[in-house]
Amino acid sequence: MSSAVPHDNPSSPLLTLIDLGHRARVAANADELAFLLVNDTHRLLRYRQSALWFAEGGVCCLSGVVQVEANAPYVRWLDQLCQRLATTDQSPHACVVDLDTLPTELRAQWDDWLPRLALWISLPVSAQHPGSAAGGLLLAGDVEHHAGLVNPALYPLLEEWLHTWHHAWLAQFRPRPWSLSLWRDKITVWWHGTSGYPWWRRRPPQITLLVTALLLCPVRLTVLAPGELVPAQPAVIRAPLDGVIAQFYVQPNALVKAGQALLSFDEAPLASRLEVARYALLAAQTEYRQQAQMAVSDGRSKGLLAVLLGKIGEKQADVDFLESQFQRAHVLAPQDGVVLFDDPSEWIGRPVQTGERIMKVAAPQDVEIEAWIAVGDAIALPEAAPISLYLAARPFDAVSGQVRSLGHDALVRPDGNYAYRLRARLDTLSTERVGLKGTVKVQGAWVPLVYWMLRRPLALIRQVIAY
């Protein structure tokens, strides 16, 4: 069985390169990678000192040093040297440092910090990868013991190791799929596109044209308002006389026939007044007969007959009026339909005045939509504008109709706001009962989307700046 080949055997540099590449790929973090480069590169090429430098951050790692002291004189001089080498040689190839080309201040301190022989290898720079910045690796050694630094035959192997290490270094800074920097870079590329594209193929003009087209798309101008189902042509039952309601003969929402008794007033005051009027009429008639008998022999009594006759007519009119009022104390249904009113207990014993509304009698299928349009939503409506009522009890089934009328004057609502009364006839017969409430959507004319979005804000701004 053959023995294993040592990793650092100089006769097997390819195996050493493979091992270094494996260690670079499994490195846990960037510090471990930097330490691996400046210390274990010694297995490929002998040197005495090495330093890893980046344009952003300066000297990153030194061979044989756990932590770099940025303010140390050696580190500061080394940073100036690497800056000089990075500006003079930016190719990703190994090159021997020529001391004669260095500035005098750097060359004067060279012997204090480094051996005479040095090799500089620039790191490749990729603008598409975060963490890729200008930098390089500096290897230094003695001429007697580290002649490999000036052996070009070893440079390809060293450059291959540096490329492998650099790939692992970039992988440490590769953003995660959920990282903010990755999405920021993708959005930047998506927004700016390729510089060679014409202007109409770039994102800003395309988005501008798309937004403009969307804002100019025609949409229906709609407004929302509270609404309910109400009788279209109900028979309104009002108080026929001043009095107190004594009794109801029907219950709310009951079906009634024409001529059916609905309610009655307290008849006691009318009955007493009618009895007094009848007695007054009887007294006037008796007085008239007495004067008529006396008129046969008394000329003066004959002259009073005309006055008494007028008095009788007056008393008869009072009796006829009270008798008609007595009959009107019983209210009858004027048509067939459903009785709509509040709780009877709220009306019984309550005094009402002539003309005060008590109830309605409406046909069950004679229903329409009533809505109250706020003053700020009083848009221009075409003739027979479509309207939809979304009942609170059934929000997914709309009751459709067409506008029949819109009030000219705004009326005060119970909440204190002004609104216009809108009436709309239904497109089809509805089985919903009268009194159900919901939200009405009224559709107006076609307008651009930008006007639909900015109508209310512009009206508010106009109200603010108008004063």
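**Exercise 1.** Which residues does Leu-139 touch, not counting residues up to four places away in sequence?

*Solution.* Begin with the basis: this is a predicted model, in which local features need pLDDT of at least 70, side-chain atom pairs count only at pLDDT 80 or more, and totals for chains, interfaces and linings use all residues. Residues are numbered from 1 along each chain as its sequence is written, and side-chain values use heavy atoms, with hydrogens and water left out. Taking contact as heavy atoms within 4.5 Å, Leu-139 touches Leu-45, Tyr-47, Gln-49, Ser-50, Leu-117, Ala-118, Leu-119, Leu-149 and Leu-158.

**Exercise 2.** Describe how α1 and α6 pack.

*Solution.* Helices here are DSSP runs (H or I, at least four residues). Two packed helices are described by the angle between their axes and the distance between the axes. With axes as lines fitted to C-alpha atoms over the stretch in contact, and angles running from 0 to 180 degrees between N-to-C directions, α1 and α6 pack at an angle of about 15°, their axes being 9 Å apart. Angles under 35 degrees count as roughly parallel, and α1 and α6 are therefore roughly parallel to each other. On the α1 side the contact is made by Pro-13, Leu-14, Leu-17, Leu-20, Gly-21, Ala-24 and Arg-25, and on the α6 side by Leu-157, Glu-160, Trp-161, Thr-164 and Ala-168.

**Exercise 3.** Is Met-359 buried or exposed?

*Solution.* First locate Met-359, which lies in strand β14 (residues 357-362), a strand being a DSSP run of E of at least two residues. Buried means under 20% relative accessible area, and exposed over 50% (1.4 Å probe, protein chains only). Met-359 has a relative accessible area of 1%, and is therefore buried.

Definitions and conventions: Parallel < 35°, antiparallel > 145°, perpendicular 65-115°, else oblique.
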